[in-house]
Amino acid sequence: MIRHYGYSDKTQLAEHFNVQEFRCKCGKTHDILIADELIDKLEKLFTKLNCSKIIVTSGHRCSAYDKSIGNSGVGQHINGNAADICCYGKDGKPISSKLVCCTAQDIGFGGIANITSKYIYTHVDVRTSNIWYGDEVVNYHTLTKDFYQYFGISKADTTSKADSQKAIKGIDVSKHNGLIDWNKVKSDGVQFAILRAGYGNLTSQKDARFEEYYQGAKAVGIPVGCYWYSYAVTPAEAKQEAEVCLSIIRNKEFEFPIYFDLEEQKSLSTGKANSSAIIRAFCGELEKAGYWAGLYMSRSPFVDFTDDAIKTRYAVWLAEYADKLNYTGAVGMWQKSSTGRISGISGNVDINECYIDYAEKIKSAGLNGFDNCQIVDAPSIAPVAPALPKSRNDATVEVSINGETYSGKLNKK
Ligand SMILES: [Zn+2]
Ligand SMILES: [Zn+2]
């Protein structure tokens, strides 16, 4: 719905936008037209880009003013559907219009265009027909159906914006990858490796090359995480699997999370509620034991078979073999291919991108075997994980060092 506000109306439309920011710049004191949907979507953009501020350089324009600046005098700015904006990141610098265009596309703006050759300003509007994805530097026509493709941006760049981390490249391996020359793997630019620790609920199902891979990766300084392939159909079985997994990974150090790999049809077919309970059972055991728990799933079952709380609770590692990850929620890692090639490994290798500095977070929290002191209240350490409710800003911890006990509050940075 498009609303008319008086020239001096100072209504705060949403957390980050006031009526006055959309006032026409012609100098006359006419009404200000603003579509509700424009404000809704701008707020979404603010959140998704993790902005510090969004400056509206041009909102509503009367027809006369639009013409005076060289435009047609009709269009989306005239009827209150559009805004030209500059989005600033938490570092105080403008976010590239390329990234803004891609994110605006995800949010569903009907008209989106880069405005300047420096890619600082972006036009967005909430038209519902004749979608316009353009670049005003080139012309005023639709130039693409997909800004990711047009600008050569990975989906991961927008999903990870909140962490402002550059993606790092890694692999995941199991005994099926055979003998690995870890020196060559390292030289090929691999920055982390997720190893299969095993599967199911028997210690005999430990991956036959887990120890070998662990030693090999560590020897050349490649940080590692691991995953456990599940066959559980009940939370009780998942808990059993967690105990077996823990018995296999103990006395080792993992810079990356320990992932629960849920993909068996017989597990998923038990439904969303039960699948979610299975995940909680496994990951809960790992957290109790002082590990950063994660969840590995294919994108589609992850969407369909986990409840909303799960989606943001553990480290998320999604598989989708495509040019981009078609998931707009937060993910820590994306398995983008199962047919990659890496020097030092024969045949196909799974290729991953990671967007979170797990190593730093895990080591500083003393998780995953890095603790040389005992964490008494392990689950409450978890606020360092991005997954926990936003309201938690601190954790009370007790550590014992050389037989002395220290306790205190850790505040979130
Ligand atoms: Zn005007
Ligand atoms: Zn515009």
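The largest nonpolar core in this predicted model holds 70 residues, with Ala193, Leu195, Val224, Phe260 and Leu295 making the most contacts inside it. A nonpolar core here is a set of buried Ala, Val, Leu, Ile, Met, Phe, Trp, Tyr and Cys residues joined through C-beta atoms within 7 Å; buried stands for 20 or more other C-beta atoms within 10 Å, exposed for 12 or fewer, and partly exposed for in between, with C-beta atoms placed from the backbone. Leaving aside residues up to four places away in sequence, Phe260 touches Trp228, Ser230, Ile279, Phe282, Cys283, Ala293, Leu295 and Tyr296 (contact: C-beta atoms within 7 Å). A second, separate core has 36 residues, among them Leu38, Ile112, Ile115 and Tyr121.

On to the helices (DSSP runs of H or I, at least four residues, numbered from the N terminus). Helix 1 (residues 36-48) and helix 3 (residues 97-107) have axes that come within 10 Å and cross at roughly 125°. Lys41, Lys44, Leu45 and Lys48 of helix 1 meet Thr103, Ala104 and Ile107 of helix 3.

Two residues stand out for their backbone, as most residues other than glycine have a negative phi. Tyrosine 119 has a positive phi of about 55° and sits in the loop between strand 7 (111-114) and strand 8 (122-125) (strands being DSSP runs of E, at least two residues). It counts as partly exposed because it has 19 C-beta neighbours inside 10 Å. Asparagine 368 also has a positive phi, near 55°, and its 27 C-beta neighbours inside 10 Å make it buried.

Residues are numbered from 1 along each chain as its sequence is written, while chains are lettered from A and ligands numbered from 1 in the order written. As the model is predicted, local features need pLDDT of at least 70 and side-chain atom pairs count only at pLDDT 80 or more, whereas totals for chains, interfaces and linings use all residues.

Key. Two residues are in contact if their C-beta atoms, placed from the backbone, lie within 7 Å. Axes are lines fitted to C-alpha atoms, for helices over the stretch in contact, and angles run from 0 to 180 degrees between N-to-C directions.
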